[in-house]
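Notebook open, model loaded. I went through a few spots and jotted down what I found.

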Amino acid sequence: SSGINAEYGELQNVHFDVVAFKRNYHNSQLCTIGLRLPAEVKRLLIKQGVVYVSNTICKVVDRVHVIQCFNCQEFYHTQKDCTKKAVCKHCSMEHSSRDCMEVSKTNFIPTCVNCKKSGLNSGLLKHTASDYQYPSYKTVMQTMASNSV
(Lines give C-alpha, C1' and ligand atoms only; values in the text may rest on other atoms or scores of the structure.)
Protein backbone atom coordinates (compact mmCIF):
# COMPACT_ATOMS: atom_id res chain seq x y z
CA SER A 1 0.00 0.00 0.00
CA SER A 2 1.29 3.45 -0.91
CA GLY A 3 0.19 6.65 -2.57
CA ILE A 4 -1.12 6.88 -6.12
CA ASN A 5 -0.53 10.10 -8.05
CA ALA A 6 -3.92 10.95 -9.54
CA GLU A 7 -5.02 13.99 -11.51
CA TYR A 8 -7.09 15.09 -8.51
CA GLY A 9 -4.12 15.06 -6.13
CA GLU A 10 -2.09 12.54 -4.21
CA LEU A 11 -4.10 9.68 -2.74
CA GLN A 12 -2.08 8.90 0.35
CA ASN A 13 -2.59 5.96 2.71
CA VAL A 14 -4.95 4.18 0.31
CA HIS A 15 -4.77 0.42 0.83
CA PHE A 16 -4.62 -1.49 -2.45
CA ASP A 17 -3.36 -4.79 -3.77
CA VAL A 18 -1.64 -5.11 -7.13
CA VAL A 19 -3.27 -8.11 -8.83
CA ALA A 20 -1.81 -7.66 -12.33
CA PHE A 21 1.02 -5.71 -13.96
CA LYS A 22 1.83 -5.82 -17.66
CA ARG A 23 4.34 -3.63 -19.50
CA ASN A 24 3.67 -2.32 -22.99
CA TYR A 25 5.95 -4.05 -25.53
CA HIS A 26 6.34 -0.92 -27.67
CA ASN A 27 6.92 1.63 -24.90
CA SER A 28 8.51 0.52 -21.63
CA GLN A 29 7.08 3.61 -19.87
CA LEU A 30 3.52 2.33 -20.46
CA CYS A 31 1.86 -0.56 -18.65
CA THR A 32 -1.44 -2.02 -17.52
CA ILE A 33 -1.89 -2.55 -13.79
CA GLY A 34 -4.69 -4.34 -11.96
CA LEU A 35 -5.55 -3.10 -8.49
CA ARG A 36 -7.98 -4.18 -5.80
CA LEU A 37 -8.97 -1.01 -3.95
CA PRO A 38 -11.83 0.90 -2.24
CA ALA A 39 -14.88 1.60 -4.43
CA GLU A 40 -14.63 5.41 -4.25
CA VAL A 41 -10.97 5.32 -5.33
CA LYS A 42 -11.84 2.81 -8.08
CA ARG A 43 -14.48 5.16 -9.50
CA LEU A 44 -12.04 8.08 -9.46
CA LEU A 45 -9.29 6.14 -11.23
CA ILE A 46 -11.63 4.70 -13.86
CA LYS A 47 -12.86 8.21 -14.61
CA GLN A 48 -9.27 9.46 -14.90
CA GLY A 49 -8.20 6.55 -17.17
CA VAL A 50 -4.52 6.49 -16.17
CA VAL A 51 -2.41 6.71 -13.02
CA TYR A 52 1.27 7.31 -12.46
CA VAL A 53 3.04 4.69 -10.38
CA SER A 54 6.80 5.04 -9.84
CA ASN A 55 7.12 7.39 -12.84
CA THR A 56 5.27 4.94 -15.07
CA ILE A 57 1.99 5.79 -16.84
CA CYS A 58 -0.53 3.02 -16.10
CA LYS A 59 -3.83 2.56 -17.93
CA VAL A 60 -6.81 1.96 -15.63
CA VAL A 61 -8.94 -1.07 -16.64
CA ASP A 62 -12.08 -2.14 -14.79
CA ARG A 63 -12.09 -5.95 -14.56
CA VAL A 64 -14.15 -8.37 -12.54
CA HIS A 65 -13.13 -11.98 -11.98
CA VAL A 66 -16.20 -14.20 -12.28
CA ILE A 67 -15.97 -17.58 -10.58
CA GLN A 68 -17.73 -20.35 -12.52
CA CYS A 69 -17.85 -24.06 -11.79
CA PHE A 70 -16.70 -26.29 -14.64
CA ASN A 71 -18.73 -29.20 -13.26
CA CYS A 72 -22.28 -27.78 -12.95
CA GLN A 73 -21.60 -24.52 -14.89
CA GLU A 74 -23.09 -22.38 -12.09
CA PHE A 75 -21.39 -19.35 -10.56
CA TYR A 76 -19.80 -18.42 -7.22
CA HIS A 77 -18.03 -21.74 -6.61
CA THR A 78 -15.44 -23.92 -8.33
CA GLN A 79 -15.49 -27.52 -9.53
CA LYS A 80 -13.34 -28.50 -6.55
CA ASP A 81 -16.12 -27.43 -4.14
CA CYS A 82 -19.08 -28.55 -6.27
CA THR A 83 -21.60 -31.02 -4.85
CA LYS A 84 -24.01 -30.93 -7.82
CA LYS A 85 -24.41 -33.23 -10.80
CA ALA A 86 -22.22 -32.61 -13.84
CA VAL A 87 -23.82 -30.48 -16.55
CA CYS A 88 -22.30 -30.10 -19.99
CA LYS A 89 -21.19 -26.59 -20.96
CA HIS A 90 -21.86 -27.42 -24.62
CA CYS A 91 -25.33 -29.02 -24.71
CA SER A 92 -26.66 -28.46 -21.13
CA MET A 93 -27.32 -32.21 -20.63
CA GLU A 94 -26.34 -34.11 -17.46
CA HIS A 95 -22.84 -35.33 -18.31
CA SER A 96 -19.38 -33.80 -18.08
CA SER A 97 -18.36 -31.43 -20.85
CA ARG A 98 -15.40 -33.60 -21.85
CA ASP A 99 -17.75 -36.57 -22.40
CA CYS A 100 -20.17 -34.68 -24.67
CA MET A 101 -21.07 -36.65 -27.81
CA GLU A 102 -23.26 -33.83 -29.18
CA VAL A 103 -20.43 -31.36 -29.75
CA SER A 104 -18.84 -33.51 -32.48
CA LYS A 105 -22.03 -33.66 -34.57
CA THR A 106 -21.97 -31.71 -37.83
CA ASN A 107 -24.97 -29.45 -37.20
CA PHE A 108 -24.42 -29.10 -33.45
CA ILE A 109 -25.75 -25.87 -31.92
CA PRO A 110 -24.66 -25.27 -28.32
CA THR A 111 -27.23 -24.62 -25.59
CA CYS A 112 -26.27 -22.57 -22.54
CA VAL A 113 -27.57 -24.18 -19.36
CA ASN A 114 -27.45 -20.91 -17.38
CA CYS A 115 -29.43 -18.89 -19.91
CA LYS A 116 -31.84 -21.84 -20.25
CA LYS A 117 -32.40 -21.87 -16.46
CA SER A 118 -32.99 -18.12 -16.43
CA GLY A 119 -35.84 -18.52 -18.93
CA LEU A 120 -34.35 -16.71 -21.93
CA ASN A 121 -35.94 -17.49 -25.28
CA SER A 122 -34.34 -20.25 -27.33
CA GLY A 123 -32.71 -17.78 -29.76
CA LEU A 124 -30.51 -16.50 -26.93
CA LEU A 125 -29.30 -19.94 -25.81
CA LYS A 126 -27.03 -20.69 -28.78
CA HIS A 127 -23.66 -20.49 -27.02
CA THR A 128 -21.72 -22.50 -24.46
CA ALA A 129 -21.91 -21.87 -20.74
CA SER A 130 -18.26 -20.82 -20.81
CA ASP A 131 -18.83 -18.01 -23.34
CA TYR A 132 -18.14 -14.76 -21.47
CA GLN A 133 -20.34 -12.79 -23.91
CA TYR A 134 -23.59 -14.54 -23.00
CA PRO A 135 -26.39 -12.80 -21.03
CA SER A 136 -26.20 -14.83 -17.78
CA TYR A 137 -22.43 -14.33 -17.52
CA LYS A 138 -22.79 -10.58 -18.11
CA THR A 139 -25.50 -10.38 -15.42
CA VAL A 140 -23.25 -12.11 -12.87
CA MET A 141 -20.31 -9.90 -13.88
CA GLN A 142 -22.39 -6.73 -13.39
CA THR A 143 -23.63 -7.99 -10.01
CA MET A 144 -20.08 -8.76 -8.89
CA ALA A 145 -18.80 -5.39 -10.17
CA SER A 146 -21.47 -3.47 -8.27
CA ASN A 147 -20.66 -5.43 -5.10
CA SER A 148 -16.88 -5.25 -5.45
CA VAL A 149 -14.70 -3.00 -3.38
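Predicted model: local features only at pLDDT ≥ 70, side-chain atom pairs only at ≥ 80, totals over all residues.

Started with the cysteines. I looked up the sulfur of Cys-72: the closest cysteine sulfur, in Cys-82, is 3.8 Å away, too far for a bond. My cut-off for a disulfide is a pair of cysteine sulfur atoms within 2.5 Å. Cys-112 is in no disulfide either, with the sulfur of Cys-115 as its nearest cysteine sulfur at 3.8 Å. By this rule I end up with zero disulfides.

Residues are numbered from 1 along each chain as its sequence is written, and side-chain values use heavy atoms, with hydrogens and water left out.

Next, burial. I call a residue buried under 20% relative accessible area, exposed over 50% and partly exposed in between (1.4 Å probe, protein chains only). Cys-72 is buried at 2%, and Cys-112 is buried at 0%.

Helices (H or I, at least four residues) and strands (E, at least two) are DSSP runs, numbered from the N terminus.

What does Leu-125 touch, beyond its neighbours within four places in sequence? I listed Pro-110, Thr-111, Cys-112, Cys-115, Lys-116 and Leu-120, taking contact as heavy atoms within 4.5 Å.

Ser-92 was next, in the loop between β6 (56–60) and α2 (113–117). Ser-92 is buried, at 11%. Its side chain makes a polar contact with the side chain of Lys-116 (3.5 Å). For that I need a pair of N or O atoms within 3.5 Å; within protein, one must be able to donate a hydrogen and the other to accept it, and residues adjacent in sequence count only if both atoms are side-chain atoms.

Last stop was Gly-49, in the loop between α1 (39–48) and β5 (50–53). Gly-49 is partly exposed, at 22%. Leaving out residues up to four places away in sequence, I see Gly-49 touching Cys-58, Lys-59 and Val-60.
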